[in-house]
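Biologist: I have a model open beside its sequence, and I would like to learn how to read it. Could you walk me through it, feature by feature?

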Amino acid sequence: KDATLIKKIDNLCFNGKTVSETYLTTIGGKECYLHTSQSSIYENGKVNGILGIVRDVTERKKAEEKLKESEEKYRKLFESAQDGILIINTETGRITDANPFIEKLLGYNKNEFVGKQIFEISPFKDIVPNKNKFKELQRKKYVRYSHLPLETKKGKKISVEFISNVYPIDHSLVIQANIRDITEQKKAEEKLKQYQNTLENTIKKRTQELSNKL
């Protein structure tokens, strides 16, 4: 009486084989996924029976769901991160993905990043301009530049922290480059250094004046 089941049987008789995955709950309340394959058994040119093979694929299915959940979580973090992020193919050095913040930070849209090597993009042309440094990143799995000067598409000078790590994803290696704007921090450090230099010079001057008087 189940129309879906009748349709499956009709399809099986016509095509000779069907494959499907089914979710069900056992009598004991256990949730499981079953991979089923059915083949028609022919006798004298007519379907005389059906051979069904059922395999429990619950663990594989759960692993796939966890992976999907993890990918979705990473994608949300990637899209909402307040650091610019570039994903780079380790072998070719070409950018495969760029998050929204890197577009906002440097003024280039995603299409101007993806498919190009990082050193082809204007702000990064002077960074590690040779393959030896790239090989060093592949070997060490980590490269960090603090206070790296960059220029946005509109010509604005900024200072960034550039951190690259190599990660294994789907049996291959990718580079994740995190780029953080530290322009204001750099300005604050320079002001503090100027203040310290002024204070040291003032102390030296007063010390000399006192020494002269003595």
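This is a predicted model: local features need pLDDT of at least 70, side-chain atom pairs count only at pLDDT 80 or more; totals for chains, interfaces and linings use all residues.

Biologist: How many helices and strands does the protein chain have?

Modeller: Helices (H or I, at least four residues) and strands (E, at least two) are DSSP runs, numbered from the N terminus. Here the protein chain has 6 helices and 8 strands. Along the sequence their pattern is α-β-β-β-α-β-β-α-α-α-β-β-β-α.

Biologist: And what share of the residues count as buried?

Modeller: Buried means under 20% relative accessible area, exposed over 50%, and partly exposed in between (1.4 Å probe, protein chains only). By that rule, 29% of the 214 residues of the protein chain are buried. The accessible surface, from the Shrake-Rupley method with a 1.4 Å probe and, for residues, only the protein chains shown as cover, comes to about 15800 Å², and 53% of this belongs to carbon and sulfur atoms.

Biologist: How should I read salt bridges, and how many are there in the whole structure?

Modeller: Side chains of opposite charge can pair when their charged atoms come close. The test is a side-chain nitrogen of Lys or Arg within 4 Å of a carboxyl oxygen of Asp or Glu, and a search of the whole structure finds 8 such salt bridges. One of them joins Glu 79 to Arg 75, with the closest N and O atoms 2.8 Å apart. The two residues are 4 apart in helix H2, so about one helical turn separates them. Glu 79 is partly exposed at 35%, and Arg 75 is also partly exposed, at 34%.

Biologist: Which parts does the pair of Arg 180 and Asp 83 tie together?

Modeller: That salt bridge has an N to O distance of 2.9 Å. Arg 180 lies in strand S8 (residues 172-181) and Asp 83 in the loop between H2 and strand S4 (84-89), so the pair ties together parts 97 residues apart in sequence. Arg 180 is partly exposed, with a relative accessible area of 41%, whereas Asp 83 is buried at 14%.

Biologist: What about Lys 110 and Asp 97?

Modeller: Their closest N and O atoms are 3.1 Å apart. Lys 110 is in helix H4 (residues 110-113) and Asp 97 in strand S5 (residues 95-98), so this pair links parts 13 residues apart in sequence. Lys 110 is partly exposed at 32%, while Asp 97 is buried at 11%. Salt bridges that share partners join Arg 75, Glu 79, Asp 97 and Lys 110 into one network.

Biologist: Which residues form the negative surface patch?

Modeller: Lys and Arg count as positive and Asp and Glu as negative, with His and the chain ends not counted. A patch takes residues with over 30% relative accessible area and no salt bridge, joining like charges within 9 Å and nonpolar side chains (Val, Leu, Ile, Met, Phe, Trp, Tyr) within 5 Å; a charge is placed at NZ of Lys, CZ of Arg, CG of Asp or CD of Glu. Here the patch is formed by Glu 65, Glu 69, Glu 71 and Glu 72. Glu 72 sits in helix H2 (residues 58-80) and is partly exposed at 44% relative accessibility.

Biologist: Finally, is Ser 159 buried or exposed?

Modeller: Ser 159 is buried, with a relative accessible area of 10%, and belongs to strand S7 (residues 157-169). Contact means heavy atoms within 4.5 Å; leaving aside residues up to four places away in sequence, Ser 159 touches His 147, Leu 148, Arg 180, Asp 181, Ile 182, Thr 183 and Lys 186.

Technical notes:
Residues are numbered from 1 along each chain as its sequence is written. Side-chain values use heavy atoms; hydrogens and water are left out.
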